[in-house]
Amino acid sequence: MKKLITKEQVIPLIQNGHTVMVGGFGLTGAPLTLIEMLGDSPVKELTVISNNLGEPGKGLGKLLVQKKIKKAIGSFFTSNIDAVKASQAGELEVELLPQGTMAEAIRAGGAGVGAIYIKASVDTLLSEEKEMRVIGDSKYVFQEALKADVAIIKAYKCDTLGNLIYRKSARNFNPPMATAAKVVIAEVEEIVEVGQLTPDEIVTPHLYVNYVVLHRKEGA
Amino acid sequence: MNVKQIIASTVAKHLNEGEIVNLGIGIPTLVTDYLHDDSSIYIHSENGILGVAPVPEEQEPDFDLVNAGKIPVGINEGASFFDSADSFAMIRGGHVDVAVIGALEVDEKGRIANWSVPGKNVLGVGGAMDLVEGVGRVIIATTHTTKDGLPKIVEHAHYPLTSQRSVDLIITELATFRVKEQQLILSELAEGVTIEEVKRKTTAKFIIELTESIEEISVS
């Protein structure tokens, strides 16, 4: 399979200062193997776009402890006390977005849409410095689309072309992130021959996927 | 029943058959324990599930299938999975009828604060703002007072508000309040609870219109 790469090939794809989207809701659907690979890379000063920053020492929490993350854009970091402390200490720049605003901004980024207007956070502390617009009889907050240099995502299976399917709620942010980065690397549990995934079940068509890393689940 | 169970079971009584209900983290996730087996209420979870059910007994927890609180759940027949962008499109687009969420404080206009505690180790907004702006009815499920016994239903919120929108119902272990035209109305008392006790533990102004049967107030 042409898109299948190794750790040695992954590492140079993510460079200092890159903006990286990382799939997952907590650790569910997070590309934990790819994150481990980044942990072994000298890369630093990353801007990470991810709903959370893992848990203390787990998932993205590892990269945070290694001080590889300069800025985090996401919706909920309370579940990682290290992230909260790093932010308070001024060691981590944080941009909090309502979860739905973040998800839609990613979808817009992948769809060639420049920005969106959304009601969430109107007239709250979170939107204090943001542009607002009245459409009809409601107020909306302006949000630029989100894009990244690289997206690292987690899928369940891919075929040898790179078509992806997901498992249960491990889907979460992975499909929209697969559309919104220049380079997309998918971690999968299994690779099957083309034709074994039916056109009806494919969620992420192969045109979005540049590279694949295989990590079988323990016991599988 | 403990306090959380009292609150969750009261919330369940205020849901109408046929409604699509999003459950937030904490006490709201317990609501599924109080829906009867042939209920036509479907539970939506922000991380991409419609049709959340309790984990079936004797089934191994599956960490690819979790609720908004990242706790393993089950699904019922007819359930579906979707990505985070679609999930919040459902919320913002008005396709979810009810949201049940927690709150740090509710002010006397029925507005909530539930995402930020200045000076504390809290750094996240999650899906709260999207839900309060987007869904038809918002039900707050919260303990009546803080762990230190301080009122949570207050004249003015000390913490930053989640939205300018007033919620529809506030359910605690002591009482249920309706919110009408930005005014709190005490509509139900839990068994053995007196109006005096509610007054003592509530600093927000409210009027009293106790309802005989729950059915009368479950339609907003």
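Predicted model: local features only at pLDDT ≥ 70, side-chain atom pairs only at ≥ 80, totals over all residues.
pLDDT is the predictor's confidence in each residue, on a scale from 0 to 100.

View 1. Helix α6 (residues 174-179) of chain A has the highest confidence, at 99, while helix α4 (residues 81-88) of chain A has the lowest, at a mean of 96.

**View 2. A three-stranded open sheet in chain A.** The strands line up as β10-β9-β12 (chain A), and the pairing is mixed. β10 (164-165) and β12 (190-192) of chain A sit at the edges with a single partner strand each, so one side of each has no neighbour in the sheet. Zoom in on β9 (residues 157-159) of chain A and you'll find two bridges to β10(A), the two strands running antiparallel.

**View 3. Where chain A meets chain B.** Here 44 residues of chain A are in contact with 37 residues of chain B. Together the two chains bury about 3300 Å², with 59% of that on carbon and sulfur atoms. A:Phe25, A:Lys168 and A:Ser169 supply 18% of the area chain A buries against chain B, more than any other three residues.

**View 4. Polar and charged pairs between chain A and chain B.** Six salt bridges turn up across this interface, along with 25 residue pairs in polar contact. On the chain A side, the residues touching chain B split into 19 nonpolar, 15 polar and ten charged. α4, β4 (93-96), α5 (99-110) and α6 of chain A each supply at least two residues of the side that touches chain B.

Note on methods
Residues numbered from 1 in each chain as written. Chains lettered and ligands numbered in written order. Heavy atoms only, no water. Helix = DSSP H or I, 4+ residues; strand = E, 2+ residues; numbered from the N terminus. Pairing = 2+ DSSP bridges. Contact = heavy atoms within 4.5 Å. Buried area = accessible area lost by both parts, 1.4 Å probe. Salt bridge = Lys/Arg side-chain N within 4 Å of Asp/Glu carboxyl O. Polar contact = N/O pair within 3.5 Å; in protein donor to acceptor, adjacent residues only side chain to side chain. Nonpolar A, V, L, I, M, F, W, Y, C, P; charged D, E, K, R; others polar.
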